[in-house]
Amino acid sequence: MAMMARTIRNSASRRTMMMSRPIFGLRSMSSWWKNVEPAPKDPILGVTEAFLADPSPDKVNVGVVSLSLSLDLTDGAYRDDNGKPVVLDCVREAERRIAGTSFMEYLPMGGSVKMVEETLKLAYGDNSEFIKDKRIAAVQSLSGTGACRLFADFQTRFNPGSQIYIPVPTWSNHHNIWRDAQVPQKTYHYYHPETKGLDFKGLMDDVKNAPEGSFFLLHACAHNPTGVDPTEEQWREISQLFKAKNHFAFFDMAYQGFASGDPARDAKSIRIFLEDGHHIGISQSYAKNMGLYGQRVGCLSVLCENEKQAVTVKSQLQQLARPMYSNPPLHGAQIVSTILGDPELKSLWLKEVKIMADRIIGMRTTLRESLEKLGSPLSWEHVTKQIGMFCYSGLTPEQVDRLTSEYHIYMTRNGRISMAGVTTGNVGYLANAIHEVTKSS
Amino acid sequence: MDSVFSNVDRAPEDPILGVTVAYNNDPSPAKLNLGVGAYRTEEGKPLVLDVVRRAEQQLVNDPSRVKEYIPIAGLADFNKLSAKLILGADSPAIQESRVATIQCLSGTGSLRVGAEFLKKHYHQCVIFIPKPTWGNHPKVFNLAGLSVEYYRYYDPATRGLDFQGLLEDLGAAPSGAIVLLHACAHNPTGVDPTSEQWEKIRQLIRSKSLLPFFDSAYQGFASGSLDTDAHSVRTFVADGGECLIAQSYAKNMGLYGERVGALSIVCKSADVASKVESQVKLVVRPMYSSPPIHGASIVATILKSSDMYNDWTIELKGMADRIISMRQQLFEALQAKGTPGDWSHIIKQIGMFTFTGLNKEQVAFMTKEYHIYMTSDGRISMAGLSTKTVPHLVDAIHAAVTRVV
């Protein structure tokens with residue numbers, strides 16, 4: 001019998017680990033899996049497979065945006081108005097400058113110092129006192145996933161026994177990340193299906209009822225997958241309640257700049273928490289806002305009490321990175337440093353980010369107006385209220401199935417539309433199809 | 001507000017990477033960095049291979065290239081070509097589709113992903129690693145949840161292989177235990193088994209159903225021949241048994257910072273290999289989702305062009321030859337100076353590193369008095385030496401050996 005096919009068995013004679021990780025038996029793993037959403041790979045990969053098999057020339061894929069993906073496809077990837085993937089001009093220029101480099105040596109374990117410096121400015125503000133006071137422990141990470149995983153591993157090592165509160169719904173890989181880091185998970189209310197907006201009361205109740213000092217995962221902007229973000233006022237209330245409860249806020253910011261078109265505005269939630277004195281953690285990704293998906297470039301930062309603690313925490317983050325990949329990849333970091341370190345290129349980047357965000361916002365408006373013009377009995381306000389890559393349409397699985405079978409429109413059965421797949425060329429068709437399957441609602 | 005991490009202690013410097021940190025802080029013009037295993041030219045400069053530059057230019061000039069996510073398992077052609085490189089193009093395991101290959105972040109990433117996979121799906125949680133081994137090995141396996149045991153490897157008395165000890169320790173390992181093997185150019189000692197010894201090791205491992213996990217970080221870099229340096233791996237695969245292989249392109253293609261490598265799992269059947277691959281992907285996804293595209297694209301570009309491949313083998317041999325030449329020069333210079341001791345291990349050992357046999361105190365002395373940086377176990381990176389700097393090193397070794405005991 002092939003050795004490889006055997007399932008796990010915890011050997012009783014296992015030597016005690018030198019780390020503070022508790023030994024997890026299958027019991028805790030199986031009880032956790034009961035609550036987990038199915039990995040989206042299948043429902044979305046299935047969508048793509050069906051899309052590819054569909055011979056109709058009218059077919060529109062708004063489920064999966066990048067057809068070459070075989071990974072967690074809830075991320076999606078930006079498309080231009082011709083439905084084509086985009087490499088930003090600032091990135092092409094940066095690559096031209098970098099090619100032929102004489103440096104391909106190892107980066108430090110914590111990654112490119114320059115890239116991290118520039119990245120912190122984006123999240124914390126150009127003139128952030130925390131940057132000046134060197135209070136931020138920060139390392140280059142493998143995009144957002146890598147930053148979340150490093151933080152989760154750090155959490156398990158230095159706050160053993162702590163749990164992570166995760167919103168419902170969330171990017172499905174969040175569950176996998178904290179599970180593999182062996183951090184137990186809890187959920188908090190977030191999306192309100194009735195209003196297709198935020199369940200603010202539910203969220204605040206859960207925050208209040210969580211034990212003091214709990215760890216919470218927050219989406220800084222452009223919540224994935226719903227597109228529903230708290231308002232500024234709501235963020236302030238959340239921050240105040242977090243303060244009262246001494247909770248730890250970990251922000252996953254995967255769409256800065258990509259949501260509203262303005263990076264400072266998209267970081268508002270983080271800035272509010274910083275103003276209120278929280279010591280937060282942040283995962284930043286350049287996958288979407290610089291289109292650097294495949295380069296895997298991001299940053300994990302943890303705001304500390306003082307410089308000494310920041311040095312300490314950073315040293316421990318490096319200890320977690322070293323046995324995972326030793327040091328992070330160079331190329332993506334070089335692209336980011338080149339762009340953000342050159343005022344002209346940075347300015348070009350900001351322009352290009354705004355173009356991407358504006359196109360998506362434009363498509364939201366057009367989709368909503370089209371549906372209203374068609375005389376839909378339903379409200380489509382949420383299409384323009386939601387923000388970022390995704391729209392949680394409110395379509396039922398049956399309606400989604402009809403869209404697929406009758407109109408060759410593909411999306412995930414939870415009704416989530418990746419707006420990046422919508423173009424001026426297909427929005428009319430999409431609106432019409434949605435209207436047809438919902439008009440008798 | 002109090003930090004929730006105020007209980008965190010400062011971690012010690014990484015012993016290997018910390019050497020470079022100390023070196024960088026040293027103002028002396030005579031300083032010599034023999035710490036990290038990164039190749040240096042005769043002029044002491046890092047080297048980006050010409051063929052790598054060409055591949056990069058090709059990629060940059062191709063407007064059709066996009067930067068999308070690549071699959072969780074990495075670039076398909078990179079994976080196929082990497083498997084061919086280590087196993088041989090005619091490998092039956094490849095022809096029978098029995099090899100699951102996943103692009104990972106260099107050797108470290110391949111080891112970690114492989115170890116996590118084993119922790120989840122293999123019936124044994126113990127891995128036997130050679131004593132000594134690369135300092136990061138135990139950390140990688142510990143964090144993956146495996147327990148680490150050692151097998152004897154280096155014999156300080158002979159500065160060669162403790163073959164008897166190795167056979168005894170692996171012979172006493174529990175059935176099914178995982179065994180880490182350095183495919184060639186053992187790090188840090190430079191001591192490799194002979195082919196005859198490898199054959200005995202293979203027989204022992206198979207007879208006890210131990211699971212070999214090869215770390216191949218120096219293919220082509222050790223002897224100058226890609227095939228020769230893959231010999232140990234290929235004999236294991238030729239017997240039809242299963243194994244894991246972690247490949248790195250850091251040294252042999254000079255792609256250090258791009259973090260390019262591959263994990264191959266050779267299985268008994270194509271069906272098993274396919275299932276194994278699907279499970280490895282579940283390890284990768286919550287770690288970093290998918291591997292970085294750039295380095296793998298460069299490798300694939302080179303490996304699939306017969307011209308570039310040939311040019312690469314020439315540059316690779318050039319690097320290996322320079323290192324072999326440095327070994328010769330160092331050995332002869334020590335002989336000429338009459339430095340006490342038998343220094344023949346310098347030319348017997350192979351690959352990037354020489355285990356000098358110098359002790360901690362002698363190393364500290366050489367750093368303080370001669371500004372020579374190496375890891376405290378006496379390991380020197382031959383790649384950091386040049387014809388010009390050999391005399392300085394010889395002076396330092398001589399002084400250390402005669403003045404510090």
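Figure 1. The model shown here is predicted, and in it the secondary structure of chain A comprises 17 helices and 13 strands.

**Figure 2. Burial and surface of chain A.** Chain A has 441 residues, and 63% of them are buried. The accessible surface of this chain amounts to about 16,500 Å², with 52% of that area belonging to carbon and sulfur atoms.

**Figure 3. The contact between chain A and chain B.** Chain A brings 93 residues to the contact, while chain B brings 85 residues. The size of an interface is often expressed as the accessible area that is lost when the parts come together. Between chain A and chain B the buried area is about 7,900 Å², and carbon and sulfur atoms give 57% of this area.

**Figure 4. Polar contacts and salt bridges between the chains.** There are 21 residue pairs in polar contact between chain A and chain B, counting pairs in which both residues have pLDDT 80 or more. Two salt bridges are counted between the two chains, and one of them joins the side chains of Asp180(A) and Lys120(B), with 3.2 Å from N to O.

**Figure 5. The side of chain A that touches chain B.** Helix 3 (89-98), helix 6 (143-158), helix 7 (172-180), helix 12 (307-325) and helix 13 (330-340) of chain A are the elements that each give two or more residues to this side. Helix 12 of chain A gives the most, with twelve residues. Sorted by class, the side of chain A that touches chain B holds 40 nonpolar, 31 polar and 22 charged residues.

Methods: Residues are numbered from 1 along each chain as its sequence is written. Chains are lettered from A and ligands numbered from 1 in the order in which they are written. This is a predicted model: local features need pLDDT of at least 70, side-chain atom pairs count only at pLDDT 80 or more; totals for chains, interfaces and linings use all residues. Side-chain values use heavy atoms; hydrogens and water are left out. Helices (H or I, at least four residues) and strands (E, at least two) are DSSP runs, numbered from the N terminus. Buried means under 20% relative accessible area, exposed over 50%, partly exposed in between (1.4 Å probe, protein chains only). Accessible areas come from the Shrake-Rupley method with a 1.4 Å probe; for residues, only the protein chains shown count as cover. Contact means heavy atoms within 4.5 Å. Buried area is the accessible area (1.4 Å probe) that two parts lose on being put together, summed over both. A salt bridge is a side-chain nitrogen of Lys or Arg within 4 Å of a carboxyl oxygen of Asp or Glu. A polar contact is a pair of N or O atoms within 3.5 Å; within protein, one must be able to donate a hydrogen and the other to accept it, and residues adjacent in sequence count only if both atoms are side-chain atoms. Ala, Val, Leu, Ile, Met, Phe, Trp, Tyr, Cys and Pro count as nonpolar, Asp, Glu, Lys and Arg as charged, and the others, Gly among them, as polar.
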